[in-house]
Amino acid sequence: MSWTDGYISELDYTAGYFSELSPLQTRWALTCRGIKTRDLTRPKYLELGFGQGVSFAVHSAVGAGEYWGNDFNPAQAASTLDMIAASGANAHVLDASFAELAKRDDLPEFDMIALHGIWSWISEENRGVIVDIIRRKLAPGGVVYISYNVTPGWSPMVPVRHMLQLHAARTGSEGAGVSARLEAALGFVEKLGDSGALYFKAHPQVLNRLKRFKAKPGKYAVHELMNEHWYPMPFSAIAEELEDAKLSHGANATLLEQIDGLNLSADGQALVSSITDVWLRETVRDFLANTQFRRDYFVRGPRKMPSLAQGEALRQFRVVLAEDPSTITLEVAGSRGTAKLQESVYAPLIEALASDGSRAKSLAELDAATPKLSFGQLVQAVTVLLGKGSACLVQSDADIEQARPRSRALNRHFMQISRSNSERNHLASPVSGAGVVASRVDQFFLSAHAEGKTRPSEWVDHAWKMLSSQGQRLTLEGKRIEPEEDNRRELTLQAEAFEKLRLPVLTRLEVV
């Protein structure tokens, strides 16, 4: 077996940012569920399999604590080291296999261990090694974040994924490259569907999912479908394996998925609430929502917080708007479709958040400012705003102060990369201790702003220079815009909107 252990190394992993790995969001999610854990304000933190390292670089730069990260791919570790060097973060970057990492004797005891996009794509042996690392290196009361493909949502794709791999192995050539082999296999399976295969008539959603794969960046589909190991599991199977490390389920890490009303029918909610066994309850929840991918926090020795202590802890969290109030829509997407939000609940909350120059406010302040809302309504509404990206949590003032220089340095590095790379769509915020969405064009405008160019017309000139010098163009509704004047017209619209709506928010979050 090679050092890749069956994992695709021909293409780098996608350069995404995942807020669920943020220790601050972890604290919020678990406190909302009344789960007491170790103190995660300044954690000893380990991320296993960090991929392109964007989340790790952001959190180690703007979060307080000691950060360790590992990815077996040396190229990905090297690019992550570049980001760490740019920010000056207190971080250790390793490129060991899981087995090699498990043998190290210099690892501290961790308060939080995170692994995103790893569990379902590695062998049973490597999953066992990860459980062993957690068992020996996670402190009592510590938290594990884990994401994974789950059944029943993935079940109809299991034989199709086998067909894709079979076609790529039996008809493709190694010289064609894994992307080309997958593209040919996807085309073949579509022909199979068009040929009247009864399987696709029984599972019509499968072909729609394949079309969505074809629309995504090629490297995403390759890493999802073409690794040697690929094991969607029911929740109970994951929970059973993690039980060997003394872990118990704490909370769903995706904030909007904590809101049953967005994801389950009324009858489904009643059924779930009647089940006390966690393994059965979460498995039933996945059937009700046809869940394909889960993100969860597990805890080593969770303790239930008394309601008084939970309320006091929640009131101490601070929140700030991450969007201009005028652009916040009173709707949100859940597994059952788009849901309308109650204006009587959200309008006063948004007004309170926007008051006094949109400064950060504690939940205690928001509770006092929204007397017609119960505290339970307030907590749920804040959770929804956080989940839909309209608000973000806020670190302590001391942690913000310490994070400022590292954040600015990392963002300069990110914006330098974005000159020629369209994948980096987040910047770091010392206020939130997390990443903030910033498109490539936004980053062009910010770069021009940092150079002292204060007018949108100057930002347009800067952005167009970056694009045109590389033969690149904007796209609109999926179509490439060719003429220079059309590109400039679209850039002007974006620059004017950026000046009015995005720049004040990014300034408030101290991204600039």
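I took a salt bridge to be a side-chain nitrogen of Lys or Arg within 4 Å of a carboxyl oxygen of Asp or Glu. The model is predicted, so I kept local features to pLDDT of at least 70 and side-chain atom pairs to pLDDT 80 or more, while totals for chains, interfaces and linings use all residues. I number residues from 1 along each chain as its sequence is written, and side-chain values use heavy atoms, with hydrogens and water left out.

Entry one, the charged pairs. I get 27 salt bridges by this rule. A network of them links Asp260, Arg281, Glu282, Arg285, Asp286, Arg294 and Asp296.

Entry two, a pair across the sequence. I found Arg318 and Asp397 joined by a salt bridge, 3.0 Å from N to O. Arg318 belongs to strand 10 (residues 318-321) and Asp397 to helix 19 (residues 397-418), so this pair ties together parts 79 residues apart in sequence. For helices (H or I, at least four residues) and strands (E, at least two) I used DSSP runs, numbered from the N terminus.

I call a residue buried under 20% relative accessible area, exposed over 50%, and partly exposed in between (1.4 Å probe, protein chains only). Arg318 is partly exposed at 22%, and Asp397 is exposed at 54%.

Entry four, helix 9. Which residues of helix 9 (residues 205-215) are buried? I noted Val206, Arg209, Leu210 and Phe213. The face turned away from the buried side of helix 9 carries exposed Lys211 and Ala215.
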